[in-house]
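Biologist: Please take me through this model. I want each label set against its definition.

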Amino acid sequence: MSNLSHYDIIRSPVLSEKSTIATEQSKVVFNVLKTATKPEIKAAVEALFKVKVTGVNTLVRKGKVKRFRGIVGKQSDVKKAIVTLAEGQSIDVSTGL
């Protein structure tokens with residue numbers, strides 16, 4: 001593993017309607033570092049939350065072009081990780097670390 005800490009890899013939990021519904025299937029969604037790999041994400045979640053991870057799926061949401069008062073800007077790209085937990089395990093993301 002690289003010299004990044006687990007707190008650098010896991011940026012924040014995603015609190016949306018879709019990610020809340022995914023918690024019923026033992027899945028938790030996190031914003032992660034853009035260069036993080038699936039094994040690094042798995043190790044970080046297991047170390048920080050003391051749970052067993054069975055799978056990690058990642059996706060990159062490309063940044064959108066937005067306009068504010070005629071000025072064109074671009075949002076940053078965001079990498080998300082959908083972490084599947086072992087049966088009977090859960091993470092309460094609303095309490096924080």
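Biologist: What are the ground rules?

Modeller: This is a predicted model, so local features need pLDDT of at least 70, side-chain atom pairs count only at pLDDT 80 or more, and totals for chains, interfaces and linings use all residues. Residues are numbered from 1 along each chain as its sequence is written, and side-chain values use heavy atoms, with hydrogens and water left out.

Biologist: Why is V28 called buried?

Modeller: Its relative accessibility is 5%. Buried means under 20% relative accessible area, exposed over 50%, partly exposed in between (1.4 Å probe, protein chains only). V28 therefore counts as buried. Its place is in strand β2.

Biologist: What does V28 touch, leaving out residues up to four places away in sequence?

Modeller: A81, I82, V83, L85, I91 and V93. Contact means heavy atoms within 4.5 Å. V28 and S90 are 62 residues apart in sequence, yet their C-alpha atoms are 8.5 Å apart in space.

Biologist: Why is I91 buried?

Modeller: The relative accessible area of I91 is 14%, so I91 is buried. I91 lies in the segment after β6. Beyond four places in sequence, its contacts are V28, F30, V45, F49, V51 and L85. K27 is 64 residues away along the chain, and the C-alpha separation from I91 is 9.0 Å.

Biologist: How do you know which strands make up the open sheet?

Modeller: Two strands pair if DSSP finds at least two bridges between them. Strands (E, at least two residues) and helices (H or I, at least four) are DSSP runs, numbered from the N terminus. The open sheet has four strands in the order β1-β2-β6-β3, with antiparallel pairing. Three bridges join β1 to β2 (residues 27-32).

Biologist: What makes β1 and β3 edge strands?

Modeller: β1 (10-13) and β3 (53-61) each pair on one side only. From one strand to the next, the twist averages 35°. Helix α3 (residues 38-49) packs on this sheet and touches β1, β2, β3 and β6. Its direction makes about 120° with that of β3. Axes are lines fitted to C-alpha atoms, for helices over the stretch in contact, and angles run from 0 to 180 degrees between N-to-C directions.

Biologist: How do β4 and β5 pair, parallel or antiparallel?

Modeller: Antiparallel, over four bridges between β4 (residues 65-68) and β5 (residues 71-74). K66 stands opposite G73 in β5. This hairpin has two residues between its strands, and R69 takes a positive phi near 55°.

Biologist: What makes a space a pocket rather than a cavity?

Modeller: On a 1 Å grid over the protein atoms alone, a cavity is a set of points where a 1.4 Å probe fits but cannot get out. A pocket is an open set with protein on both sides within 12 Å along at least five of seven lines. Lining residues have an atom within 4 Å of a point.

Biologist: Which residues line the largest pocket?

Modeller: V14, S16, K18, S19, A22, V29, L59, K80 and I82. Helix α2 (17-22) and strand β6 (78-85) each give two or more residues. α2 gives the most, with three. The volume is about 210 Å³.

Biologist: Why does S19 count as buried?

Modeller: S19 has 6% relative accessibility, so S19 counts as buried. S19 sits in helix α2. Apart from residues up to four places away in sequence, S19 touches V14 and V29.

Key
Points joined across faces, edges and corners; volume = space filled by probe spheres on them.
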